[in-house]
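Dear colleague,

Please find below the sequence and structure that I am handing over to you. My notes follow directly after them.

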Amino acid sequence: MSAPADIRKKVEKLREKVNYHNYRYYVLDNPEVTDAEYDRLMRELESLEREYPDLVTPDSPTQRVGAQPVEAFGTVRHAVPMLSIQNALSEDEVREWIGRVERGLSGEKVRYSLEPKLDGLAVELVYEGGVLTVGSTRGDGHTGENITENLRTVKSIPLRLLGRKVKVPSLIEVRGEVVIKRDDFERLNEERRKAGEEPFANPRNAAAGSCRQLNPAITASRPLTIFIYGIGRVEGLSFETHSEALDYLTELGLKVVDKRRVVDTCEEIFDFYGELLEARETFPYEMDGLVIKVNSFVLQKRLGVRSRSPRYILAYKFPAHEGTTKLEDVVWQVGRTGALTPVAVLKPVGIGGVTVSRASLHNQDEIRRLDARIGDTVVVQRAGDVIPKVVRVVASKRTGGEKAPQVPEKCPVCNSGVIFTEGEVVPRCQNIACPAQVKGNIIHFAQRTALDIDGLGEKLVDQLVDNGMIRDPGDLYSLKEEEVAALERMGRKSAENLINAIDKSRSAPFARVIYGLGIRHVGEHVARVLAGHFSNIDQLASASVDELVGIPEIGPIVADSIYGYFREDHNRRFLGKLRDAGVRLEAEEGPQKKRIFEGLTFVFTGGLDTMTRDEAGEMVESLGGRASGSVSARTDYVVAGKDPGSKLDKAKKLGIEIIDEEKFRRMCNLD
Ligand SMILES: [Zn+2]
C-alpha cells in the first residue's frame, strides 16, 4: 500500500529526529534524550516502515545492519588519491620541514593546523546528495576495498548528513580513521581468548580486522568509531583553510577530533606535541603522533606533492612503545588461585620514557608460541597502562647459549608440588596454605570493590601473614589493635584506622562479600547476579550445579567452580569465621535485592502466552533491566513469542541469545 502524504511527512520527521539524537549520542557524546525516548522514536519509525514498506530508504536509521555477508570485497578507485604522509621523529626534523615549507612559500605568513594522529584504519566515505553511498579502505592510496556495508554499521558514521545549520553539498568525499577504544580493545581480546580465538595484536589491528569482515553483522557487534580528518573531492563548496573545513564537517554531523589547534610557530607545535604525549596514556584511543598541516588550502596547493606524499603535511611521531633488550631470566609468580605465571626479567630498557625491567609472558603456551629462551634478545611492548609484554624474539641474535625456561616442579614460594589440572595450560601450587595464595586471597578480599578495607596494603598483608597473625581473610576480624600497632612501620593511629576499616567491612553489601570470597570465575558481575538470586550464603552454598546453571549468565564452568568451592572444608571454616565476626552473609532488604537484570537489555518479538509485551517489559524494568523496542549490538536477550517478526532475524544475524517465554519466566523466577 502506498503511503499517504501525512505519513510520508511523519516518517521524514522521525528520521530527522533519530538522526539528530544519534548524532548527539555517538558523535558529540552528549545525548539530549534518554535511551528510552530514543528507542520509542526508533520503534515508531520501524512500525511505520513495516506498515508502508515503500517508505524504507537505504539511509533510514533502521537500515544500518542487515546486509548479507559477501564472498569478497569489490574495489573502489579514489577520485583524489589518499597519499601517504612524511614522518618526523625529532624536533630537528620538524624544524627542517618548517624551513622547507617556509622557503617554498617565500615570505608568506604560514599557519599550521595541528591534530592528533590516531592509530586505526584509514577510510573514505562518499556522500551523494547528503546520503552515504560508498565507504572504502585507503588500500594503496589509489584503490581501496569497498566496505560500505560494514562502515554503515559504525554508529558515528551518519547515513545521511545533517543539514540543520549548513548547506549539504551535492557530493563530498571525506577521509577518516576508524578506531577502537583501548579498553574496548582489551575487552574484545579477553572475549576472543575465552572463545579460543587469536587475540588482536593492537587496537589498530582490531579496528582494521573488524572493518574487513565479510559479514557486516560481525562489524556491527564491534565497538568502532570514526574520526574524520579531511576532505577529498567536494562539489559546490570551497574553503580557505583546513581548520575551517573541519569545523564545517562537524556541522554536517561528522565526528572530528576536538583536540586540535591552529598555531604559528615551531615552539607552539612542540608545546602541543608535549601536551598530546602527556595525554597519550589516558586518551581513550591509541594516538601515535601529531599531524601538522599547512592550514591554508591555497598555500597547500602551491607547495604541491613530492614523490607520493604531499609537502604540506607532516606526522611528528611519538617515541616507539617498543624496545629491544635481553631476556635475563624467567621467574614464576604465584597468584591467589595458586596459578604460576611466568614473568620475564629483562635487562632494564627505556621505552617511551619509562624504564622497563619486567614484562609479562602470560603463560607457558605463550612462551612456547614466542619460542622465548633465557639469553634471547627480545622485543618488549608497552601499551597504555598495561603491564609491558614480550612480543617477539629476535632469533637472528641467537648465539646458541640460550636455554628454554622450565616450568618449576615445586612452588617457588612454599616448595610444595605443582600440578597441571586437566585441560588447563596453567600449573598450580596445590597447597592451600601457600603464603602466596593466602596473601593474594586477603588482598582480593580487602580490595575496594570487595570488602573495601582501607589501609590493608600488600606490605602490611606480608607482615600479618609472615608473622602468623592471620591465615585467611576471616582472621582479620579477630586482630587486636595492640598487635597491629606493634608491627614494623605501624603506629597507634594507623592501627586504629585499620581496625575501624575492618569493623566497617562487616556491613559491606552481600554481592561484594560474595566477590570477596575469591571463588574462581566469580567476578564482580557474577557476584551481583548471585546476590540477586540467593537471599543468603547458605542458599548459595547448598545450590546444586543444575540449579546454578539455571541462573541467567551462569555457565557450567562457573557453576562447577561455585559448587566445588562450598564443598572444601577450609572454605567452610573461613565462612564460619565470617559468620562469627558478623559479616553480612545475606541479601539486603529493599528493592536492590532483586535487580537481577541490572545492565541487561531485552527485546520482545511476537506474542506471549502468559502476559502482554508491555507487562513483560515492566517485569524486566522492575528487575533492574531495560526493555527495548529494537535489536542492536547492545541487546542481551531477544524473547521470541508466537509469530516473531524481523527482530528475530536481526538477532540471529547479530548472534544475540534468543530465548522463549518459558525460559524468560524462569529467569524472572516466575515459575
Ligand atoms: Zn605454593
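Glu 91 counts as partly exposed because its relative accessibility is 36% (buried means under 20% relative accessible area, exposed over 50%, partly exposed in between, with a 1.4 Å probe and protein chains only). This residue is found in helix α3, residues 91-104 (helices, H or I, have at least four residues and strands, E, at least two; both are DSSP runs numbered from the N terminus).

Please note that this is a predicted model, in which local features need pLDDT of at least 70 and side-chain atom pairs count only at pLDDT 80 or more, while totals for chains, interfaces and linings use all residues. Residues are numbered from 1 along each chain as its sequence is written, and side-chain values use heavy atoms, with hydrogens and water left out.

The structure holds 41 salt bridges (a side-chain nitrogen of Lys or Arg within 4 Å of a carboxyl oxygen of Asp or Glu). One of them joins Glu 275 to Arg 261, with the closest N and O atoms 2.9 Å apart. Glu 275 lies in helix α9 and Arg 261 in strand β9 (residues 261-263), 14 residues apart. Glu 275 is partly exposed because its relative accessibility is 40%.

Helix α9 (residues 266-279) also holds Phe 270. Both Phe 270 and Tyr 316 are buried. Their ring centres are 6.3 Å apart and their planes at 70 degrees, so the pair is edge-to-face (rings of Phe, Tyr and Trp, the latter by its six-membered ring, pair if their centres lie within 6.5 Å; planes under 30 degrees apart count as stacked, over 60 as edge-to-face and the rest as tilted).

Yours sincerely
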